[in-house]
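Me: I would like to learn how to read helix packing, domain contacts and a ligand shell from a model. Could you take me through them one at a time, with the general idea before the case?

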Amino acid sequence: MTAIAWIRREMRIEDNTALIEAAKEHREVVPFYVIDEELFRKKELGYPRVKFWHDSLLELEEMFEDRGWDLVVRKGKPLEEIEKVVEEAGVDEVFYNTDYTPYARERDEKVEKELEIPVRGVKDLVMFEKEEITTNQNSPYKVYSYYRDKWFEREKPGPREVPEFQTPVIGSHEIPDLESLGFERPERLGWIWNPGRKGGSERLESFREKIGYYEKKRDYPAEDATSKLSPHLKFGTVSIREVFQAAEEARKGGADEEGVRTWEEELAWRDFYFQVLWNWPETVEEAFLQKYRGLEWNSKEEAKRRWKSWVEGRTGYPFIDAGMRQLERTGWMHNRLRMVVTSFACKDLWLDWQDVHDYFSRNFVDAEVSAMVGGIQWAYSIGTDAQPYFRVFNPWTQGEDYDPEGEFIREQVPELEEVPDEYIHRPYEMPEEVQKDSGCIIGEDYPEPIVDHQGQKDKAVEKFEELTN
Ligand SMILES: Cc1cc2nc3c(=O)[nH]c(=O)nc-3n(C[C@H](O)[C@H](O)[C@H](O)COP(=O)(O)OP(=O)(O)OC[C@H]3O[C@@H](n4cnc5c(N)ncnc54)[C@H](O)[C@@H]3O)c2cc1C
């Protein structure tokens, strides 16, 4: 009997549930990858993510070859390409790892409905999915802390070995290069990533010794204290079970309990947002909190100047600008900054969260619909378990608290490099003499704050208040 293991975003052989289940039940398995034409037409797709995916796919093909198996790659529409392979290899069953985005659900439902052989979705991306963890009334959780408590109580599976199998010989397409797929490296993007399974394993290994310090250091963007595993988890070059196991091993090895626990809580956040997306797929387009669906945001066309300043990291608020430039240069932004720049886009600039979402999607190497919608709606105070609308991040004190000496700011915003410590968070307060000495003339080399934070904050809170209660 022959099965297809349809690989999508879990780009590894090890601990790949669809592959394991297919190989357990079938003698022959076709590891199969479709480069989905439709997905490539989506406007939110951008170079960092596509490059990471592309490198990972090239490596995956080699890794299959090294194990004596052929990865069959095709380009086209998933259903049509699967149908062809079913025909060519005489396939009896299709296995895939369940994905939770509205796009993936629609695609997979179509394949299940149209294909005349059994098609089986299996859990792989998360520890707990869909409605596995619910309230005592059997409804999905809207509040993270209650969800988390149950998440920790449950037994979690560890990684599994892939059984041996045989692959039938059928044709594969060459993986197209990035240029022919329509992606060019943006001028300001440096490439700091090491994609693929090898890169993911190395990253996880190097993070093991840091887990214990996570709680103490994770909020300081100048420190390399978070795992930077997000693109690897996005593309499945490491599995959720492998990273959880690494944390458990660190605990056993004596790593600080608070550090390990806090990091594991992030993995629970990841699962939490996946189940929010599954149970409330409409949140991709609308605020989770219905009462705030009536807020009228300014689109990027309406707020052209503000949008441009925010995107380019030239708002005159150094901590914000540092975050936005880190994104532009690396395709990644530290979590503290993701929260602060998004709050600023909302409460200070009143920018449409959908525009923010599209921009992040195109620029984040780790763009993940569930975490991104969750994170944006949290900062915009419109999501499940969101930041209350009246608790507005102060862009200056956030910088003072989490980048006290301005090390991160200076690294990302070179025009502020020589600004003395006392002005690094408020360079517009520099006397003329100091501006000259530090080679940073306000209004020329670096802008004045583009908006008045206190005034904007009051206006935003008022707009929320009109719709509250
Ligand atoms: C506005 C906004 C947008 C975001 N967009 C994304 C996104 O597109 N993709 C993404 O993976 N994360 C997103 N996050 C969550 C978080 O910022 C990143 O996961 C984290 O910064 C990635 O860095 P890391 O791998 O070093 O994380 P670590 O701190 O090492 O955490 C380990 C892993 O836990 C998961 N995780 C951590 N924090 C969260 C969280 N708040 N929600 C869900 N999962 C989490 C990630 O998979 C991460 O790799 C967003 C957060 C905000 C506030």
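Reply: Let us begin with axes, which are lines fitted to C-alpha atoms, for helices over the stretch in contact, with angles running from 0 to 180 degrees between N-to-C directions. Helices (H or I, at least four residues) and strands (E, at least two) are DSSP runs, numbered from the N terminus. This is a predicted model, in which local features need pLDDT of at least 70 and side-chain atom pairs count only at pLDDT 80 or more, while totals for chains, interfaces and linings use all residues. Residues are numbered from 1 along each chain as its sequence is written.

Me: At what angle do the axes of α13 and α15 cross?

Reply: They cross at roughly 55° and come within 8 Å. Angles under 35 degrees count as roughly parallel, over 145 as roughly antiparallel, 65 to 115 as roughly perpendicular and the rest as oblique, and α13 and α15 are therefore oblique to each other. The contact (C-beta atoms, placed from the backbone, within 7 Å) joins R338, M339, T342, S343 and C346 of α13 to G375, I376 and A379 of α15.

Me: How is the contact of α13 with α15 divided by class?

Reply: Ala, Val, Leu, Ile, Met, Phe, Trp, Tyr, Cys and Pro count as nonpolar, Asp, Glu, Lys and Arg as charged, and the others, Gly among them, as polar. On that scheme the contact of α13 with α15 has 4 nonpolar, 3 polar and 1 charged residues.

Me: Are α12 and α16 roughly parallel or roughly perpendicular to each other?

Reply: Helix α12 (residues 318-330) packs against helix α16 (residues 395-402) at about 75°, their axes being 7 Å apart, and the two are therefore roughly perpendicular. Here P318, F319 and I320 in α12 meet P395, Q398 and G399 in α16, a contact with 4 nonpolar, 2 polar and no charged residues.

Me: Which domains is the protein divided into?

Reply: Domain bounds come from an automatic or database domain assignment, and here they give domain 1 (2-125), domain 2 (126-158 + 198-279) and domain 3 (290-467). The C-alpha centres of domain 2 and domain 3 lie 27 Å apart, and 17 residues of domain 2 are in contact with 19 residues of domain 3. On the domain 2 side, α8 and α10 are the elements that give two or more residues, and α10 gives the most, with 5.

Me: How many residues surround the ligand?

Reply: A residue is near a molecule if its C-beta atom, placed from the backbone, lies within 6 Å of it. In this model 27 residues surround the ligand, the closest being T226, S227, S230, N335 and G375. The elements that give two or more residues to this shell are α8 (230-234), α10 (257-279), α13 (335-348) and α15 (369-379), and α15 gives the most, with 6 residues. The shell divides into 12 nonpolar, 7 polar and 8 charged residues, and draws at least three residues from each of domain 2 and domain 3.

How values were computed:
Two residues are in contact if their C-beta atoms, placed from the backbone, lie within 7 Å.
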